[in-house]
Amino acid sequence: MDPHNFGNHPRLKPPIVITGTAKERGTGPPIGLTDIGISEEAYLFRVALPGLRRNECKVKCEILHNGTVHVRGEVTPEGGILKDSSSVFQLRVQQLCPPGPFTISFKLPGPVDPRLFSPNFRGDGIFEGVVMKHRVPIIHIDS
């Protein structure tokens with residue numbers, strides 16, 4: 001079976017590919033866990049990025065017409081140093097995602113219109129997006 005055609009089989013889970021530091025799951029909360037929701041008009045997806053902050057991981061999301069989603073980012077800080085508003089901390093224990101680039105890729109159940117995409121990186125470390133399904137325009141011909 002072609003893993004990219006899971007949309008034809010509603011009981012199968014979509015394949016999710018995780019690379020970079022997201023793949024180096026340690027003892028902390030897993031990065032890259034993904035939920036996908038379907039409505040009549042759109043798809044909703046949520047990707048867990050626990051411990052990451054919007055301004056510290058440079059998250060970007062690319063959505064292709066065929067429904068393929070690539071969530072890319074780079075986890076900072078560099079070299080195990082955490083900065084707070086008034087202090088600098090050297091990490092002695094690190095169980096969250098280590099610094100470095102990551103990619104999480106998956107495919108939505110059908111084609112989408114990438115122009116109609118609304119992303120939101122929530123404060124709780126969940127990156128979510130809503131993208132409208134691709135609709136073929138119906139042309140009425142009067143006779």
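Guide: We shall go from the overall layout to the strands, then to the aromatic rings and the salt bridges.

Guide: Please keep in mind that this is a predicted model, in which local features need pLDDT of at least 70 and side-chain atom pairs count only at pLDDT 80 or more, while totals for chains, interfaces and linings use all residues. Residues are numbered from 1 along each chain as its sequence is written, and side-chain values use heavy atoms, with hydrogens and water left out.

Visitor: How many helices and strands are there in the chain?

Guide: Helices (H or I, at least four residues) and strands (E, at least two) are DSSP runs, numbered from the N terminus. Here the chain has one helix and ten strands, and along the sequence they follow the pattern β-β-β-α-β-β-β-β-β-β-β.

Visitor: What share of the residues of the chain counts as buried?

Guide: A residue is buried at under 20% relative accessible area, exposed at over 50% and partly exposed in between, with a 1.4 Å probe and protein chains only. Of the 143 residues of this chain, 32% count as buried. As for contacts (heavy atoms within 4.5 Å), residues 24 or more positions apart account for 58% of those in the chain with a separation of 6 or more.

Visitor: Which strands make up the open sheet, and in what order?

Guide: Two strands pair if DSSP finds at least two bridges between them. The open sheet has four strands in the order β2-β3-β10-β9, with antiparallel pairing, and its edge strands are β2 (34-38) and β9, each of which pairs on one side only. Between β2 and β3 there are five bridges, and glycine 37 stands opposite leucine 44 in β3.

Visitor: Which strands does β5 pair with?

Guide: In general, the side chains of a regular strand alternate between the two faces of the sheet. Strand β5 (residues 68-75) has six of its eight residues buried. With β4 (residues 60-63), strand β5 pairs in the antiparallel sense over four bridges, and isoleucine 63 stands opposite valine 69 in β5. The hairpin of β4 and β5 has four residues between the strands, and there glycine 67 takes a positive phi near 100°. Strand β5 is also joined to β8 by eight bridges, again in an antiparallel run, and valine 75 has glycine 100 in β8 as its bridge partner.

Visitor: How many aromatic pairs are there?

Guide: A pair of aromatic rings is described by the distance of the centres and the angle of the planes. Rings of Phe, Tyr and Trp (its six-membered ring) pair if their centres lie within 6.5 Å, and planes under 30 degrees apart count as stacked, over 60 as edge-to-face and the rest as tilted. By this rule there are four aromatic pairs. In one of them, the rings of phenylalanine 45 and phenylalanine 106 have centres 5.4 Å apart and planes at 70°, so the pair is edge-to-face. Phenylalanine 45 lies in strand β3 (residues 42-48) and phenylalanine 106 in strand β8 (residues 100-107), so this pair ties together parts that are 61 residues apart in sequence. Both phenylalanine 45 and phenylalanine 106 are buried.

Visitor: Is the pair of phenylalanine 45 and phenylalanine 117 stacked or edge-to-face?

Guide: The ring centres of phenylalanine 45 and phenylalanine 117 are 6.1 Å apart and the planes lie at 15°, so the pair is stacked. Phenylalanine 117 belongs to strand β9 (residues 112-121), and the two residues are 72 residues apart. Phenylalanine 45 has a relative accessible area of 0%, whereas phenylalanine 117, at 21%, counts as partly exposed. Phe45, Phe106, Phe117, Phe121 and Phe127 form one aromatic cluster.

Visitor: How many salt bridges does the structure hold?

Guide: Side chains of opposite charge can pair when their charged atoms come close. A salt bridge is a side-chain nitrogen of Lys or Arg within 4 Å of a carboxyl oxygen of Asp or Glu, and the structure holds five of them. In one, arginine 72 meets glutamate 62 at 3.1 Å, N to O. Arginine 72 lies in strand β5 and glutamate 62 in strand β4, so the pair ties together parts that are ten residues apart in sequence.

Visitor: Is aspartate 113 buried or exposed?

Guide: Aspartate 113 is buried, with a relative accessible area of 12%, whereas its salt-bridge partner, arginine 115, is exposed at 72%.
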